[in-house]
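Student: I have a structure open and would like to talk it through slowly. Could you start with a term I will need?

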Amino acid sequence: MLNEDKIRLMTKAASFEAGEGKEALSMNRYFRSDYISLQLIFAWISYTVSFALCMGLWGFYNMEYLLTNLHKMDLPALGKRFAFLYLGLLGVFLLIHYVIYHLRYQKNKRNLAVYHQILKRIAHIYQMESKNGSSDFTSGGTKKDDNATGI
């Protein structure tokens, strides 16, 4: 006889593993601080590349002005402005990413707690079935009736 509660729980567990659980299970390998730090490093690298590309595009767009007025420009001041712009936007960018990944980690931890509760309930059902002997299969994977008939 099939246990509908066990089937329902196993279906929930399988759908979690196939869907949103993939990210949650892979995220579970890290401590929170390690996960957030790793994501912030990736964000910093992507921000730096994006900033460099944007500054390069700005330089190409203003190439004529830059070349004609290069001897009049205060290059250290221009470099400081770019550095402050880079650092200021980087701080905002990393703060936003920190909040996002912290919330994502907390959400996945809650989802994993529900998933572990489902797994515990499934294990409890298996223990109860083994105590009661109500499982239709033996440990070898054959039906109990097949062993009795010698098939």
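Tutor: Let us begin with contact, which means heavy atoms within 4.5 Å. This is a predicted model, in which local features need pLDDT of at least 70 and side-chain atom pairs count only at pLDDT 80 or more, while totals for chains, interfaces and linings use all residues. Residues are numbered from 1 along each chain as its sequence is written, and side-chain values use heavy atoms, with hydrogens and water left out.

Student: How many residues does α5 have, and how far does it reach?

Tutor: Helix α5 has 58 residues and reaches 83 Å from its first C-alpha to its last, close to the 86 Å expected at 1.5 Å a residue; that expected span is 1.5 Å times one less than the number of residues. After α5 comes glycine 133, with a positive phi near 70°.

Student: Which residues make up the largest nonpolar core?

Tutor: It has nine residues, namely Leu9, Ala13, Phe16, Ala24, Leu112, Tyr115, Ile118, Ile122 and Ile125. The largest share of this core, five residues, comes from α5. A nonpolar core is a set of buried Ala, Val, Leu, Ile, Met, Phe, Trp, Tyr and Cys residues joined through side-chain atoms within 4.5 Å, and buried means under 20% relative accessible area, exposed over 50% and partly exposed in between, using a 1.4 Å probe and protein chains only.

Student: And how much of the protein counts as buried?

Tutor: Of its 151 residues, 21% count as buried.

Student: Switching topic, at what angle do the axes of α1 and α5 cross?

Tutor: They cross at roughly 145° and come within 10 Å, where axes are lines fitted to C-alpha atoms, for helices over the stretch in contact, and angles run from 0 to 180 degrees between N-to-C directions.

Student: Which residues are buried in α3?

Tutor: Those are Tyr35, Ile36, Gln39, Ala43, Tyr47, Phe51 and Gly59. What covers the buried residues of α3 includes α2 (21–27), α4 (63–68) and α5 (75–132).

Note on methods. Helices (H or I, at least four residues) and strands (E, at least two) are DSSP runs, numbered from the N terminus.
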